[in-house]
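Please keep the model in view while going through the numbered points.

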Amino acid sequence: MNKREGEACPRKNADSASDCDANANQSSPVMAAFKVFQQELDTKHDKYERLVKISRDVTIDSKRSIFLLHRVTSVPDAEDVLKEAEVKLDGVRQKIGQIAEELRGEDIYQFHRAFTPGIQEYVEAVSFLHYIRHRSLISLEEINARLVFMKEEKEGAETPLGAQVLTFQVTPSDYLLGVADLTGELMRMCISSVGNGDIDTPFQLSQFLRQIHDGFSYIGNTGPYEVSKKLHVLRQSLGKVEDACYALRVRGSEIPKHMLADVFSSRTTLREPEEGMV
């Protein structure tokens, strides 16, 4: 009967014993299997970290686009601002193309937590731009239609294999959460518009936000668990816009236009502690 693998090496001293254990471990099928698992996990963790870094870049660039879009209420020619924002969002889409490249052949839900903050911020930015242009809500299909990328595949330096199409699909949950964040930007746009003497935009925004609120109310508890938190913020934003519309309708003629923004800002500050207790 053959001796066990661990007993095949004589144990004369500590050094020879450790060498024997190392040789035994190297030839063990269990250790070989664990090395394979280690390599797979390391590869997955490295990919996860790369996705987190790309998502941070997407978030930063999307926020910059949102800040830029807020200038449309204070510039004489809004089209220049919109074109500049579109260029920035094209750069964001290129970074999302890097995410699509990392996820090629992978189950996206294993890495969803790594890139979902950036995607939600992108949805917020692109929906904000779409609203300013068209006064409507962009659909999930319209967002995904612009997330198609051509990846050049080459073998060596002289043998092109042609272009491969990569697509990235924003999930319904990321779309909903991005739209919920949009309402905060629309509330800020309302206050800025009032401060610049635009008394029509707040009423348009109020109607639009009511439609979004009604849509989220239909979702109820069937949507992502984050929706309940976003819905509370949405109601706050809607309440602030409605307060602005009420003041414009009732006292608009009494307050000078250059003081409207200060009045609404003070009303917003007083309203926040009361809503926080709900």
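1. Of the 278 residues in this protein, 39% are buried. The model is a predicted one, and the values below are to be read accordingly. The accessible surface of the protein comes to about 16600 Å², and carbon and sulfur atoms account for 52% of that surface.

2. The secondary structure consists of 9 helices and 2 strands. Starting at the N terminus, the order of the elements is α-α-α-α-α-β-β-α-α-α-α.

3. Contacts across the sequence deserve attention. Taking the contacts between residues at least 6 apart in sequence, 70% join residues at least 24 apart.

4. How many salt bridges does a search of the whole structure find? The search gives 14. One of them joins Arg50 to Glu102, with 2.9 Å between the closest N and O atoms. Because Arg50 belongs to helix α2 (residues 29-69) and Glu102 to helix α3 (residues 78-102), this pair ties together parts that are 52 residues apart in sequence. Arg50 is partly exposed, at 36% relative accessibility, whereas Glu102 is buried, its relative accessible area being 16%. The cut-off explains the label for Glu102: buried means under 20% relative accessible area.

5. A salt bridge also forms between the side chains of Glu79 and Arg133, at 3.3 Å from N to O. Glu79 lies in helix α3 and Arg133 in helix α4 (residues 112-134), and the pair links distant parts of the chain, 54 residues apart. Glu79 is partly exposed, with a relative accessibility of 31%. Arg133 is likewise partly exposed, with a relative accessible area of 36%.

6. Are Glu86 and Arg93 buried or exposed? Both residues are buried. Their side chains meet in a salt bridge, at 2.5 Å from N to O. Glu86 and Arg93 also belong to a network of salt bridges, in which they are linked with Asp90 and Arg146.

7. The cysteines call for a separate remark. A disulfide is a covalent bond between the sulfur atoms of two cysteines. The structure holds 0 disulfides. For Cys190, the closest cysteine sulfur is that of Cys245, 5.6 Å away, which is too far for a bond. Seen from Cys245, the closest cysteine sulfur is in turn that of Cys190. Cys190 is buried, with a relative accessible area of 0%, and Cys245 is buried as well, at 7%.

8. Which residues of α7 are buried? They are Thr201, Pro202, Leu205, Ser206, Phe208, Leu209, Ile212, His213, Phe216 and Ile219. The reader may wish to locate these positions on the displayed model.

Technical notes:
Residues numbered from 1 in each chain as written. Predicted model: local features only at pLDDT ≥ 70, side-chain atom pairs only at ≥ 80, totals over all residues. Heavy atoms only, no water. Salt bridge = Lys/Arg side-chain N within 4 Å of Asp/Glu carboxyl O. Helix = DSSP H or I, 4+ residues; strand = E, 2+ residues; numbered from the N terminus. Buried < 20%, exposed > 50% of the residue type's maximum accessible area, 1.4 Å probe, protein only. Contact = heavy atoms within 4.5 Å. Areas by Shrake-Rupley, 256 points an atom, 1.4 Å probe, with all protein chains shown as cover. Disulfide = S-S within 2.5 Å.
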